[in-house]
Amino acid sequence: YSPCFLLSLVSALINLRILRLEWFASAAREKGSYDLLELLNRGGMGEIWRARHRFLKRDAALKIIRPDFLVSQTGRGAETLRKRFEKEARAIAALKSPHTVAIHDFGSTEEGGFYYAMELLEGFDLDQLVRRFGPVPAARVVPIISQACESLEEAHRCSMIHRDIKPSNLI
């Protein structure tokens, strides 16, 4: 039984590698009206890419739910996840604070994943700022925290809860 087992294991590993290569190849393709330029961050169910709108030639950050993650969902999990992602995009797009990232677009990919395009923020997040330059003086922290509170206040008025407030999410 050992040769059969080993052959099955090797076959599974090869198939996994091919699947990953297909995913990276499809990620290099376009997403809606956007060309993906650079992977910025990866999470449990999705990725954030630096992208450029083909017609407007404007850079954006694309948050994408990976199709392989959707496929791994059992039962109605994929549909529930899609609805939650769509609801998140609509809710964020409704916020008007200048301290909240703006969403420009929402769509689906040829592979069955979903994405939304948001403004691309340049610069340091608060975590990077502290790691690079050390403790931040109060005179600089107060305006940063005030802006974050203004954004969160608007979200709370719209019955939204952020659930992931941390220094790396404050730019």
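## Confidence of the model

The mean pLDDT of the protein chain is 84, and 91% of its residues reach 70 or more. Among the elements of the chain, helix 4 (residues 126-133) has the highest mean pLDDT, at 94, whereas strand 1 (residues 30-31) has the lowest, at 56. Where pLDDT is low, the predicted coordinates should not be read in detail.

Setting aside residues up to four places away in sequence, Glu154 touches Ala94, Leu95, Lys96, Ser97 and Thr100.

Leu95, one of these contacts of Glu154, is placed in the loop between helix 3 (77-94) and strand 5 (103-108). With a relative accessible area of 11%, Leu95 is buried. Apart from neighbours within four places in sequence, Leu95 is in contact with Thr100, Glu154, Ala155, Cys158 and Met160; the C-alpha atoms of Leu95 and Ala155 are separated by 6.9 Å, although the two residues are 60 residues apart along the chain.

## Aromatic pairs

The structure holds four aromatic pairs. One of them joins Tyr34 and Tyr115 in an edge-to-face arrangement, with 6.1 Å from centre to centre and 75° between the planes. This pair links distant parts of the chain, since Tyr34 lies in strand 2 (residues 34-42) and Tyr115 in strand 6 (residues 114-118), 81 residues apart. Both Tyr34 and Tyr115 are buried.

The rings of Phe124 and Phe133 also form an edge-to-face pair, with their centres 5.8 Å apart and their planes at 90°. Phe124 is partly exposed, with a relative accessible area of 37%, while Phe133 counts as exposed at 55%.

## The ends of helix 4

At the start of helix 4, a side-chain oxygen of Asp125 reaches to within 3.0 Å of the backbone nitrogen of Asp127. Just after helix 4, Gly134 takes a positive phi of about 85°.

## Salt bridges

The structure holds 11 salt bridges. In one of them, the side chains of Glu122 and Arg50 meet at 3.2 Å, N to O; because Glu122 lies in the loop between strand 6 and helix 4 and Arg50 in strand 3 (residues 46-53), the pair ties together parts that are 72 residues apart in sequence. Glu122 counts as exposed, at 55% relative accessibility.

Arg157 and Glu153 form another salt bridge, at 3.9 Å from N to O, and both residues lie in helix 5, four residues apart, about one turn of the helix. Arg157 is exposed, with a relative accessible area of 59%, whereas Glu153 counts as partly exposed at 47%. A salt bridge also joins Asp164 with Lys166, whose closest N and O atoms are 3.6 Å apart; Asp164 is partly exposed at 37% relative accessible area, and Lys166 is partly exposed at 35%. Finally, salt bridges that share partners join Glu38, Arg50, Arg52, Asp59 and Glu122 into one network.

Methods: Residues are numbered from 1 along each chain as its sequence is written. This is a predicted model: local features need pLDDT of at least 70, side-chain atom pairs count only at pLDDT 80 or more; totals for chains, interfaces and linings use all residues. Side-chain values use heavy atoms; hydrogens and water are left out. Contact means heavy atoms within 4.5 Å. pLDDT is the predictor's confidence in each residue, from 0 to 100. Helices (H or I, at least four residues) and strands (E, at least two) are DSSP runs, numbered from the N terminus. Buried means under 20% relative accessible area, exposed over 50%, partly exposed in between (1.4 Å probe, protein chains only). Rings of Phe, Tyr and Trp (its six-membered ring) pair if their centres lie within 6.5 Å; planes under 30 degrees apart count as stacked, over 60 as edge-to-face and the rest as tilted. A polar contact is a pair of N or O atoms within 3.5 Å; within protein, one must be able to donate a hydrogen and the other to accept it, and residues adjacent in sequence count only if both atoms are side-chain atoms. A salt bridge is a side-chain nitrogen of Lys or Arg within 4 Å of a carboxyl oxygen of Asp or Glu.
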